[in-house]
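Reader: I have a new structure open on my screen. Can we go through it quickly?

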Amino acid sequence: MARRPIALVTAAVLLLEAPGIVAINAVMARFVEVQSMSLDGMDPDAVVTGTWALGIASGAALVLCALVALLAGLRDRAPGRFGRGLLIGCAIVHGVLGAVAVGLLGWEAFTFLMVVLGLIVLTLVAYGKRAGEPVAKEAPVPA
């Protein structure tokens, strides 16, 4: 099985996705600022700040997940407990966003999110349950 290339491709895709998420949130923050929009009477500046904060936090989380996948690929070791948790959370977010995106943005966005979801899940499955241990090159011989 090609564990290393899968993990490295996952890391590359997540690293490319991170600035895109920050840029999307920057555009939304700019629209909110120019339109002076508010949510239920909330100060528009608070909405702009919250949008920026969400974009930066999402981008940082994607970079962190990419680093976990990159380290797994470079070391050929399964991610640790924390790393697996990050990747599982990232997979869940991509699944939920895919379900929302199909209605709002169309099938292209859905397809992209599902491909990323598949890469994350494939990375998790390829390294199995043994977190932090080297992956055996061959299967053990039964007794």
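Reader: Let's start at α4. What covers the buried residues of α4?

Author: The cover includes α1 (3-35), α2 (44-75) and α3. Keep in mind that this is a predicted model.

Reader: Which residues of α4 are buried?

Author: L113, V116, L117, L119, I120, T123, L124, A126 and Y127 are buried in α4.

Reader: How many residues does α4 have, and how far does it reach?

Author: α4 covers residues 107-127, which is 21 residues. From first C-alpha to last, α4 reaches 30 Å, close to the 30 Å expected at 1.5 Å a residue.

Reader: And just after α4, what does G128 do?

Author: G128 takes a positive phi of about 70° there. A glycine also follows α3: G106 has a positive phi of about 110°.

Reader: Step back. How many helices and strands are in the protein?

Author: Four helices and zero strands. From the N terminus on, the order is α-α-α-α.

Reader: What share of the residues counts as buried?

Author: Of the 143 residues, 31%. The accessible surface comes to about 8,900 Å², and 71% of that belongs to carbon and sulfur atoms.

Reader: What about contacts between residues at least 6 apart in sequence: what share joins residues at least 24 apart?

Author: That share is 71%.

Reader: Now the inside. Which residues have the most contacts in the largest nonpolar core?

Author: L14, L62, C65, L87, C90 and I120. The core has 14 residues in total. α1, α2, α3 and α4 each give two or more residues to this core.

Reader: Take L62. What is L62 in contact with, leaving aside neighbours within four places in sequence?

Author: L62 is in contact with L14, E17, A18, I21, C90 and H94. L14 and C90 are also listed with L62 among the core residues with the most contacts.

Reader: On to α3. Which residues of α3 are buried?

Author: G83, R84, L86, L87, C90, A91, H94, G98 and A101. Their cover includes α1, α2 and α4.

Reader: Why does the length of α3 agree with what we expect?

Author: At 1.5 Å a residue, the 24 residues of α3 should span 34 Å. The end C-alpha atoms of α3 are 34 Å apart, so the two agree.

Reader: You listed A91. Why does A91 count as buried?

Author: A91 has 9% relative accessibility, and buried means under 20%. A91 sits in helix α3.

Reader: What does A91 touch, not counting residues up to four places away in sequence?

Author: L117, I120 and V121. The C-alpha atoms of A91 and I120 are separated by 6.2 Å, though the two are 29 residues apart along the chain.

Reader: Which residues make the nonpolar surface patch with I88?

Author: I92, V96, V100, L104 and L105 make it along with I88. The patch is about 610 Å².

Reader: How many salt bridges does the structure hold?

Author: One. E33 forms a salt bridge with R30, with the closest N and O atoms 3.6 Å apart.

Reader: Where do E33 and R30 lie?

Author: Both lie in helix α1, three residues apart, about one turn of the helix. An α-helix has 3.6 residues a turn, so residues three or four places apart point the same way.

Reader: Is E33 buried or partly exposed?

Author: E33 counts as partly exposed, at 46% relative accessibility.

Reader: Last one. How far is A46 from E33?

Author: Their C-alpha atoms are separated by 9.9 Å, and the two are 13 residues apart along the chain. A46 lies in helix α2. At 37% relative accessibility, A46 counts as partly exposed.

Technical notes. Residues numbered from 1 in each chain as written. Predicted model: local features only at pLDDT ≥ 70, side-chain atom pairs only at ≥ 80, totals over all residues. Heavy atoms only, no water. Patch = residues over 30% accessible without salt bridge, like charges linked within 9 Å, V, L, I, M, F, W, Y side chains within 5 Å. Areas by Shrake-Rupley, 256 points an atom, 1.4 Å probe, with all protein chains shown as cover. Salt bridge = Lys/Arg side-chain N within 4 Å of Asp/Glu carboxyl O. Expected span 1.5 Å × (residues − 1). Buried < 20%, exposed > 50% of the residue type's maximum accessible area, 1.4 Å probe, protein only. Contact = heavy atoms within 4.5 Å. Core = buried A, V, L, I, M, F, W, Y, C linked by side-chain atoms within 4.5 Å.
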